[in-house]
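Colleague: Before I use this model, I would like to go through the terms applied to it and hear what each one rests on.

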Amino acid sequence: MNSNTIYEFENGINFRLFIGFNDKETKTQLISTAQATELIENIAFKYFPRFSLTLSRGGYKNKSGNTFRENGAILDVISTNIETITNVADELEVALNQNSILIIAECVYYKFYSQLDTQGKIK
């Protein structure tokens, strides 16, 4: 076992991008959730061989105290770097006309698990 593994798990960073669907100008959702999801998936596939996308619901208050609720998504990616993640966030911010994209980096142990061996037989 090397210093980057624990019980056959790799040590890495899980990047989470929290992406809202409300337009920053109108404070409303201008495209459907399905369209926003497809847009995020298309951008993610340009950069990553695998990712997870979860639909979410959130809210925020502006400086005047007005509250806004919005649909959104959380994009999870392991095995990448901060430069790539910020490139993705830049594209998403422009494509969805956002003020910002929240990025969280979590240190994790991970493993792409399969019960099948390299010949496709159950271990």
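Modeller: Let us begin with residue classes: Ala, Val, Leu, Ile, Met, Phe, Trp, Tyr, Cys and Pro count as nonpolar, Asp, Glu, Lys and Arg as charged, and the others, Gly among them, as polar. In this predicted model, the lining of the largest pocket has 7 nonpolar, 10 polar and 5 charged residues by that scheme.

Colleague: How much space lies in the largest pocket, and which residues are the closest to its centre?

Modeller: The space comes to about 430 Å³, and of the 22 lining residues the closest to the centre are Gly 20, Tyr 60, Glu 70, Gln 98 and Ser 100. Strand E2 (9-20), strand E3 (52-61) and strand E4 (67-78) are the elements that give two or more residues to the lining.

Colleague: Why is H1 called roughly antiparallel to H2?

Modeller: Helix H1 (residues 33-47) and helix H2 (residues 82-95) pack at an angle of about 155°, with axes 10 Å apart. Angles over 145 degrees count as roughly antiparallel, and therefore H1 is roughly antiparallel to H2. The crossing in which H1 passes H2 is right-handed.

Colleague: What makes the contact of H1 with H2?

Modeller: Contact means heavy atoms within 4.5 Å, and here H1 supplies Leu 39, Ile 40, Ile 43, Lys 46 and Tyr 47, while H2 supplies Thr 84, Asn 87, Val 88, Glu 91, Leu 92 and Ala 95. By class, this contact has 7 nonpolar, 2 polar and 2 charged residues.

Key: Residues are numbered from 1 along each chain as its sequence is written. This is a predicted model: local features need pLDDT of at least 70, side-chain atom pairs count only at pLDDT 80 or more; totals for chains, interfaces and linings use all residues. Side-chain values use heavy atoms; hydrogens and water are left out. On a 1 Å grid over the protein atoms alone, a cavity is a set of points where a 1.4 Å probe fits but cannot get out, and a pocket is an open set with protein on both sides within 12 Å along at least five of seven lines; lining residues have an atom within 4 Å of a point. Grid points are joined across faces, edges and corners, and a volume is the space filled by probe spheres set on the points. Helices (H or I, at least four residues) and strands (E, at least two) are DSSP runs, numbered from the N terminus. Axes are lines fitted to C-alpha atoms, for helices over the stretch in contact, and angles run from 0 to 180 degrees between N-to-C directions. Angles under 35 degrees count as roughly parallel, over 145 as roughly antiparallel, 65 to 115 as roughly perpendicular and the rest as oblique. A crossing is left-handed if the near helix is turned anticlockwise from the far one by less than a right angle, and right-handed if clockwise.
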